[in-house]
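Please walk me through this structure.

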Amino acid sequence: MPETTAPPATKKPLYEASTQFKHWRYSPESLINIRSKLNEAAVAVIRQTFEAYEPGSSANVSFLNADEEHLLVTFYVTRITQLCGHFRFPEEVEATAATYLKRFYLKNTVMDWHPKNVMLTALFLATKTTNNPISLEAYTHNIPNTNPSDVLDLEFLVAQSLGFEFSVWHAHRALWGIWLDIQSLSDVPADYAKSQSSVYDTALSHVRASRLTDAEFIYTPSQIALAAFSLAAPDVAQQWLESKQAVTEAPTKIPPGILESIEALKKLIADAGQPETEAVREVDRRLRLCKNPEKVVGSKAYLARKAEEEKKAEDKRNRKAMEVEKAAAEGTDPFGDELERPKPSLVDYDDDDDD
Amino acid sequence: MSNRSNYGGWLQGKTVRKGAANSSHANTRSSTPHVQSTSSTIFGGGIKDPSGRVTEYFSMEDQCPVCKSDRYLNPKLRLLVSSCYHKMCESCIDRLFTLGPAPCPICTKVLRKLAFQPQTFEDLEVEKEVAIRRRLAKEFNKRRDDFDDLREYNDYLQEVEDIAFNLINNIDVQETEAKIANYKAANAALIALNMQREEAYALALKEQEEFDRREREARAAQLAQEEEQERLEREREQNELITKLETSQKDAKKLVAKARASQQKRKSARNDNSSLLGGMGFGADYAKLLKARTNKAKTSVPDEPHVPLQDDWYGYEDFYALRPSYDDIFSEAVRKDREGIMRAGGYMVEEAWNRALRSAVAGLELEPLVGLPSEESSAPMIDAGGDVVMASVQSAA
């Protein structure tokens with residue numbers, strides 16, 4: 001590999017080809033902005049729906065705000081970890097499912113789709129996209145009060161919300177890479193990996209903690225892994241970063257300012273914690289009251305919405321039938337006019353007769 | 001070597017060598033006398049066997065299409081092929097063409113007596129194709145080195161093939177003949193040169209063969225001589241031992257042992273000698289020749305490796321160097337898997353390491369985004385029904 005150094009300036013780094021870089025990279029400010037705007041829009045729509053069916057009923061409903069929505073999503077990320085432990089899914093599945101869930105709620109609101117259901121679908125989808133498939137029956141059988149349809153009904157919605165971008169670059173893989181690569185450092189003792197394996201475990205727990213934060217939307221997986229490793233073994237992490245900064249002839253240079261990002265990330269990870277159960281319970285209780293009535297099976301609004309949708313579909317069918325009828329009455333072929341045939345030339349080559 | 005020809009092998013099933021008994025056709029051959037035609041000397045063409053004789057197609061069902069006489073009526077029947085590829089018996093040819101050129105009784109093309117050839121193949125189409133190809137090969141004898149690149153050479157071969165096809169199937173014969181004439185005129189010098197080269201090559205090959213043969217003979221002679229010498233020596237020794245046993249007062253066993261030892265010594269010395277000779281001898285020169293030939297082939301066509309995937313992505317190769325092995329607890333099970341069950345699907349731990357290392361340095365340099373994006377495309381959109389939908393879905397609708 002080293003002999004292919006100094007590639008032409010046109011070469012773009014591989015990470016920048018990923019959808020993660022292109023579509024799922026935000027600044028902290030824009031994340032806050034997206035969530036608050038999504039929340040405002042959702043509240044406005046749901047309030048309107050309440051008013052439409054029972055005027056004045058929305059006055060004493062307290063809707064969730066953006067932070068409360070986020071709290072609920074974070075709580076269900078921790079539930080993914082529990083489920084994965086139960087199923088003995090690999091780290092890859094767990095990390096992917098967590099990413100899917102968080103990405104889904106950058107496009108949708110908790111008040112429309114409860115994370116309890118979306119979480120199951122996201123995890124099931126992650127088992128498939130990471131090549132750890134499990135049958136739907138085996139999956140739902142082991143989760144109480146779940147039917148296969150609960151998982152499948154949301155599957156397309158989740159996939160669509162993710163923009164069908166299923167591939168994710170993970171921090172835990174980057175951490176493994178750092179763990180391997182420090183063996184190439186000259187100052188690190190040869191048996192470091194063996195004698196200090198607890199360092200890796202600590203770093204991995206920090207990577208897991210980072211999944212409860214917005215780190216993956218702001219920073220790259222390698223930075224998260226480095227920050228996690230730096231929390232576990234600051235000296236070695238520093239040496240490793242310096243060895244990478246010493247590489248100067250590469251197309252991409254690591255700027256000195258990256259240390260600040262790493263420090264900010266370390267703070268973010270260190271502050272990360274599981275949401276308090278009491279707070280979550282409170283949010284969930286309120287959510288039951290402010291859910292989008294159109295999405296609650298059996299409610300008046302739900303039935304009305306269903307009827308409306310059916311009416312729309314019926315209208316569409318009728319319109320189509322009318323059009324076909326009209327076309328038939330006018331005598332035009334629904335498949336268009338007959339194509340004009342080319343005039344026969346002097347010699348008809350298609351003529352099979354030998355005369 | 002001399003009784004093996006280049007083309008004899010695949011012809012032997014169908015043809016009978018004139019004047020030579022052929023065991024595979026014994027049942028047909030033995031009943032018919034060997035015919036030595038009076039006119040064989042004047043006929044050209046046909047495929048010659050290594051002894052210089054023309055091999056000729058021959059069957060019991062032969063019948064002259066002109067006079068209808070067959071082998072039953074005339075055991076000496078010999079059919080010859082005209083330049084328009086029609087068969088006739090020798091007596092018909094004598095009858096029709098002795099008085100000068102006359103039309104062919106089958107196709108009315110004007111023929112001469114001298115233009116009749118012995119038949120080599122059962123199928124006259126093949127006969128014609130071989131004749132045409134032999135003729136073309138004489139003139140279209142350019143080689144790969146005469147062209148600047150492979151493409152031109154291939155075009156040339158294609159053209160030759162087209163000409164051959166046209167002549168064989170009687171398509172635009174006149175034009176094709178004109179083409180050949182043009183080519184001949186334009187490339188006269190080169191054709192002559194290539195002919196010389198061809199001859200020189202054939203000569204060199206013959207010389208090499210001759211040389212090999214002589215070397216083999218010399219070696220056989222040397223071996224025979226050595227053996228003879230050895231035999232004489234052994235006899236002399238035997239005699240010596242016997243006379244010693246008769247005359248000497250020493251222990252017989254000791255004497256015999258001594259004689260054995262000296263014999264063994266001489267034998268091993270001889271073996272050394274012969275192995276030295278064998279390594280140097282036959283085959284070394286031939287191997288050299290082959291080597292030279294393959295070297296030549298190598299230099300003429302550059303073989304560039306085909307690179308299937310070419311993109312302009314940079315994979316951070318500068319930032320890490322994959323080591324041959326790592327102290328890695330996670331891949332231990334795979335690496336210790338002797339039977340390779342875990343690697344059966346093509347899993348390579350080096351690939352996994354490489355991916356991890358790349359992932360460890362990928363995007364390390366990217367500083368986080370700051371502030372709000374200038375355009376509002378990332379803002380969520382709400383459709384008329386109240387569902388939040390993605391921008392991509394809306395634009396697609």
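Leaving out residues up to four places away in sequence, A:Leu120 touches A:Leu83, A:Tyr139, A:Ile143, A:Thr146 and A:Val151. Contact here means heavy atoms within 4.5 Å. The model is predicted: local features need pLDDT of at least 70, side-chain atom pairs count only at pLDDT 80 or more, and totals for chains, interfaces and linings use all residues. Residues are numbered from 1 along each chain as its sequence is written, chains are lettered from A and ligands numbered from 1 in the order in which they are written, and side-chain values use heavy atoms, with hydrogens and water left out.

A:Leu120 sits in helix 5 of chain A, residues 115-129. Helices (H or I, at least four residues) and strands (E, at least two) are DSSP runs, numbered from the N terminus. A:Leu120 counts as buried because its relative accessibility is 8%. Buried means under 20% relative accessible area, exposed over 50%, and partly exposed in between, with a 1.4 Å probe and protein chains only. One of its contacts is A:Ile143.

Now take chain A as a whole. Its secondary structure comes to 16 helices and 1 strand. Of its 355 residues, 46% count as buried. Among its contacts with a separation of 6 or more, 77% join residues 24 or more positions apart.

Next come the cores. A nonpolar core is a set of buried Ala, Val, Leu, Ile, Met, Phe, Trp, Tyr and Cys residues joined through side-chain atoms within 4.5 Å. The largest has 62 residues, and A:Ile182, A:Phe229 and A:Trp240 touch the most other members. Beyond four places in sequence, the contacts of A:Phe229 include A:Leu175, A:Trp179, A:Ile182 and A:Val236.

Chain B has 12 helices and 11 strands. Of its 397 residues, 28% count as buried. Residues 24 or more positions apart make up 55% of its contacts with a separation of 6 or more.

How do the two chains meet? The contact takes 66 residues from chain A and 47 residues from chain B. Together they bury about 5,200 Å², 64% of it on carbon and sulfur atoms. Buried area is the accessible area (1.4 Å probe) that two parts lose on being put together, summed over both. B:Trp313, B:Phe319 and B:Leu364 supply 14% of the area that chain B buries against chain A, more than any other three residues.

Polar links cross the interface too. There are 17 residue pairs in polar contact, both at pLDDT 80 or more. A polar contact is a pair of N or O atoms within 3.5 Å; within protein, one must be able to donate a hydrogen and the other to accept it, and residues adjacent in sequence count only if both atoms are side-chain atoms. The interface has 1 salt bridge. That term means a side-chain nitrogen of Lys or Arg within 4 Å of a carboxyl oxygen of Asp or Glu. B:Asp327 and A:Lys194 form a salt bridge at 3.7 Å, N to O. Helix 11 of chain B gives the largest share of its side, 9 residues.

B:Arg358 lies in that helix, residues 349-361. Its contacts beyond four places in sequence are A:Leu14, B:Gly315, B:Tyr316 and B:Tyr320. B:Arg358 is buried yet has no salt bridge. The nearest side chain of opposite charge, B:Glu317, is 4.5 Å away. Lys and Arg count as positive and Asp and Glu as negative; His and the chain ends are not counted.
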